[in-house]
Protein chains: 2
Amino acid sequence: MTAPLKAVEGSVDLPALMLQLGRQARSAARVLAIAPTAQKNLALAAMERAIRVNAAAILAANAEDVAEVKASGASSAFIDRLTLTPARIAAMADGIKVIHDIADPVGAVTERWQRPNGMTIERVRVPLGVIGVIFESRPNVTADAGVLGLKSGNAVMLRGGSDSFRSCRAIHDCLVQGLREADLPEAAITLVPVRDRAAVGLMLSGLNGNVDVIVPRGGKSLVARVEAEARVPVFAHLEGVNHVYVDRGADLAMAKAIVLNAKMRRPGVCGAAETLLVDRAAAEADLAPLLSVLIESGCEVRGDAEMQRVDTRVKPVAEEDWSTEYGEPIIAAKVVDGLDGALLHIARYGSHHTEAIVTQDEAAAARFLNEVDAAIVLHNASTQFADGGEFGFGAEIGIATGKFHARGPVGAEQLTSFKYRVHGTGQTRP
Amino acid sequence: MTAPLKAVEGSVDLPALMLQLGRQARSAARVLAIAPTAQKNLALAAMERAIRVNAAAILAANAEDVAEVKASGASSAFIDRLTLTPARIAAMADGIKVIHDIADPVGAVTERWQRPNGMTIERVRVPLGVIGVIFESRPNVTADAGVLGLKSGNAVMLRGGSDSFRSCRAIHDCLVQGLREADLPEAAITLVPVRDRAAVGLMLSGLNGNVDVIVPRGGKSLVARVEAEARVPVFAHLEGVNHVYVDRGADLAMAKAIVLNAKMRRPGVCGAAETLLVDRAAAEADLAPLLSVLIESGCEVRGDAEMQRVDTRVKPVAEEDWSTEYGEPIIAAKVVDGLDGALLHIARYGSHHTEAIVTQDEAAAARFLNEVDAAIVLHNASTQFADGGEFGFGAEIGIATGKFHARGPVGAEQLTSFKYRVHGTGQTRP
């Protein structure tokens, strides 16, 4: 373990420092782009060990951060996100092991074809370059994002929340130790050593072309700032206003289980359902039991007068509810005119994140899956599966709701681009 | 054929008009996204017919544009780009037939896997939405971009050069006729009916989220303006500073043929070579014949004193030559210290477009193809193959040098995004 870095503060020339870090990251990215899988995995294995061996040091650093934040009167939810425990550190190390074990996307040939003139063209995966990650209080993002970037051959610049500075630094020390053991450049994973928020603005500028993409990990205000200011591409999801549509062809028991899970398993994750849509043709039989299962599990249901007649515990709904990501045990509910009514509602209010239909009618399911414009569309499964781990990607750096490049869970493969390799035997173009 | 549209000029509320066009394009994009292949192909076949049937009307409109431009004293190169001939109109119609015949990328399942819980996940291609195309004098871009967008299920907003306004309108009328015959919305292919350059700025703003991506087709100043101003993603190539590296392992006859073709077949295309790099170990035998074949074909070669000693017809080279896209029969030439020297030079001066190595040494070729960071890397083939048609894509809307989403030739497939379709049997997340 190296001596902990000092945070650079005060009289530093911040733009010059950040530019230097950007250049070092670019230079490291060139090395990583052609680093063999075995060398990257050697680093990952060493990082996993270092996290486990240095758990006490990480906890001590975290305790200082937590004490400072408690003294400043932060909310208990905020303190919870910041706090590390032995179990959370073990989970971080386990996460590194998962990334170690997934396939290296770099160098994979995804297509190959031959032209009539005999040239063979291959499409092969290459890293993106330098990934800037801007996150808030959860210190484990340091490890999660750093190792996912490394596996995919990218350099990563991490800028954590100033409240978690000591925790991130302690984790970062372990990552650097792994890089060193594998003889990879330390600038492959950079933790920006300044708490000054101006560092974020500089990263968003792209540092003279030395940052290729920004991944914001945090609440709506962070993501909105990044989207507004960034001069480089951003992999971000703004909101998950996700719907579960219970069709006339649904099996009621399945619908109850899926709706309950989609909202209540973890109401705060981005894959949680925010609106329940029920087919008018199914409402008489299904609506009351669906509302009951939600309300009796502690969920507030908001609906119109018709909905309130079905269950008097339903609270009134307002127009803005239909486009709200509650992040809490609250759901808006609406009766719609069949599949077409559901499609219209989702086209109007959905956020292109995750949308589900429950039905035994294959034709209705096929139309829903085809016509809904969202990163993830599900038939007879819970929206809470919107997750890189659940997709089998091993891990994710986030979920993207844009349509460009990365969409849905952003795993190692989505952190790559591609190039075309052309193998000729002297071909010239007529 | 409908009566030609009048250009909207003068007192029009341009922002309101453009926003309306954007909304109509968005609405058309929703229809196109789920339009069956047969319906899109019906439109394409009708468009091809309409172009052939209305060739005389297109030529007459073009003659008016050309007369106006000639009167204003435009360059002969500019007039040539603007001028349509019966052969060019036939080529435009042939191009529509090619797009008609390529596979529909929309709906293609590119990956499918099953999760341990039984869910099946598919990754399926979907259109991007609304593509804004900003181009200069070549009126045929109206058809090329319009039909490629249609085939890939996207709405297209076209903004041509004001000098080609009548020509573009005559071509656009044929496309609209095809849309109508196939019962597709006319706003699927919109020609912005204003010559006012402010229309470009409005498109670059994204028209309130109604333009998803901008494709600039034109010279450096247009592309630079688009890159600087656009608030939406851009598929653009800024420059093709492409190299041919002749390695010590090269076959001289092949090297001469490739170098000559790479520069001189069409010196003005973006895939043309701009710099010749020759391995020092091959220079004594190969340099003089390589320089001769270029110079004797009418190419100006620029090089340092060493190069000028080898051939006195070589002109002096300046530092800026190494990063210049000549677009003319001029090439810069340099002796480098083997493969490593070539890789260093390309990393420093290359524009990530197209790079070629000529060698019989498979290990050197493999390192070059692996380590060079460019959209297209070739072994023993000419850089002039950097073209969607040559790649077998049928057509391209341009060549992208960025690393995000589209890279290299941008064909129908690259004008799509994807979504994940999840097929469950009632799965909920533990």
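Which residue forms a salt bridge with A:E390? The partner is B:R429, with the closest N and O atoms 3.3 Å apart. A salt bridge here is a side-chain nitrogen of Lys or Arg within 4 Å of a carboxyl oxygen of Asp or Glu. This is a predicted model, in which local features need pLDDT of at least 70, side-chain atom pairs count only at pLDDT 80 or more, and totals for chains, interfaces and linings use all residues. Residues are numbered from 1 along each chain as its sequence is written, and chains are lettered from A in the order in which they are written.

**Extent of the interface**
- Chain A brings 67 residues to the contact and chain B brings 68 (heavy atoms within 4.5 Å).
- The two chains bury about 5,500 Å² between them, with 52% of it on carbon and sulfur atoms (accessible area, 1.4 Å probe, lost on being put together and summed over both parts).
- A:F404, A:Y420 and A:R429 supply 16% of the area that chain A buries against chain B, more than any other three residues.

**Polar links**
- The rule finds 3 salt bridges across the interface of chain A and chain B.
- It also finds 43 residue pairs in polar contact, both residues at pLDDT 80 or more (N or O atoms within 3.5 Å, one able to donate a hydrogen and the other to accept it; residues adjacent in sequence count only if both atoms are side-chain atoms).

**Strands**
- Strand β16 (residues 416–427) of chain A gives the most to the side touching chain B, with 11 residues (strands are DSSP runs of E, at least two residues, numbered from the N terminus).
- Strand β13 (residues 376–381) of chain A pairs in the parallel sense with β16 (residues 416–427) of chain B, over 5 bridges (pairing needs at least two DSSP bridges).
- A:I376 has B:Y420 in β16(B) as its bridge partner.

Note on methods
Heavy atoms only, no water. Helix = DSSP H or I, 4+ residues; strand = E, 2+ residues; numbered from the N terminus.
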